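User: I'd like to learn how to read strands, helices and cores from a model. Can you walk me through one?

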Amino acid sequence: MHPGDRAPDFTLRDQDGVERHLAELVAHGPVVLFFYPLAGSPGCTAESCHFRDLAREFADLHATRLGISMDSVERQAAFAGSHHLDYPLLSDPGGTVARAYGVKRALGLLRVRRVTFVIAAGGDVVAVFASERRMDAHADQALAALRALADPSAR
C-alpha cells in the first residue's frame, strides 16, 4: 500500500462487538488506521495510549482513529478498558484485512507489522508510516499528514 492507492474496504467488529465499515467512516472524513502486533504488549500499549492522548488534535481535524490487530474482540475489549482507549479497536482474527493492506507477517508472535495509514475522506491513502520502534511517531506523523491534507498550502 502506498499513497495514492485506494484503501481496501472492510467490515470488522470492534472491542464492543459493533461492526465498523471503512466505507462508512471515510464518507464522513479522514481515517487513521494503525495496525499493531499484540494488544497489551508494551510497544502496542505505548502507541495506543499516544493515539488516545492526542484525541483533541485528531478531533480538531475531524479524523477517526482506528486501531487494528489480529487479537480477539475480547482481548481488544480488555486492552481498551485497561487503558481507557477512546476509539475503536478492530479485531481481524484471520488477518484478512492485514493481508489486504500488506502488513501481515508470515510467521511469529508479532503477526502484523506496525504500520499506520492515513486515509482521506473518500478512501484514498494519503500517507503510510512504518516503524517498529518509534511508538509515538505513528500518531505524530498521522497528525502531520492530516494537517497537510486540511491545508494544502502547508505542503
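Analyst: Start with strand pairing: two strands count as paired if DSSP finds at least two bridges between them. Keep in mind that this is a predicted model. Here β6 and strand β7 (residues 125–130) run antiparallel and are joined by five bridges.

User: Which residue in β7 is the bridge partner of isoleucine 119?

Analyst: That's valine 125. The hairpin of β6 and β7 has five residues between the strands, and in it glycine 122 takes a positive phi near 105 degrees.

User: What do the buried residues of α2 pack against?

Analyst: They pack against β3 (31–35), α3 (55–60), β4 (64–69), α4 (73–83), β6 (115–119) and α6 (137–150). Among those buried residues are Cys44, Cys49 and Phe51.

User: And how should I read a nonpolar core?

Analyst: In soluble globular proteins, nonpolar side chains tend to be buried together. The largest nonpolar core here has 24 residues, and Phe58 and Val118 touch the most other members. β3, α2, α4, β7 and α6 each supply at least two residues of this core, with α6 giving the largest share, five residues.

User: Which residues is valine 118 in contact with, leaving aside neighbours within four places in sequence?

Analyst: Its contacts include Val31, Val32, Val125, Phe129, Ala142 and Leu146. Apart from this core lies another, of 22 residues, among them Leu22, Leu25, Met70 and Val103.

Conventions: Residues numbered from 1 in each chain as written. Predicted model: local features only at pLDDT ≥ 70, side-chain atom pairs only at ≥ 80, totals over all residues. Heavy atoms only, no water. Buried < 20%, exposed > 50% of the residue type's maximum accessible area, 1.4 Å probe, protein only. Helix = DSSP H or I, 4+ residues; strand = E, 2+ residues; numbered from the N terminus. Contact = heavy atoms within 4.5 Å. Core = buried A, V, L, I, M, F, W, Y, C linked by side-chain atoms within 4.5 Å.
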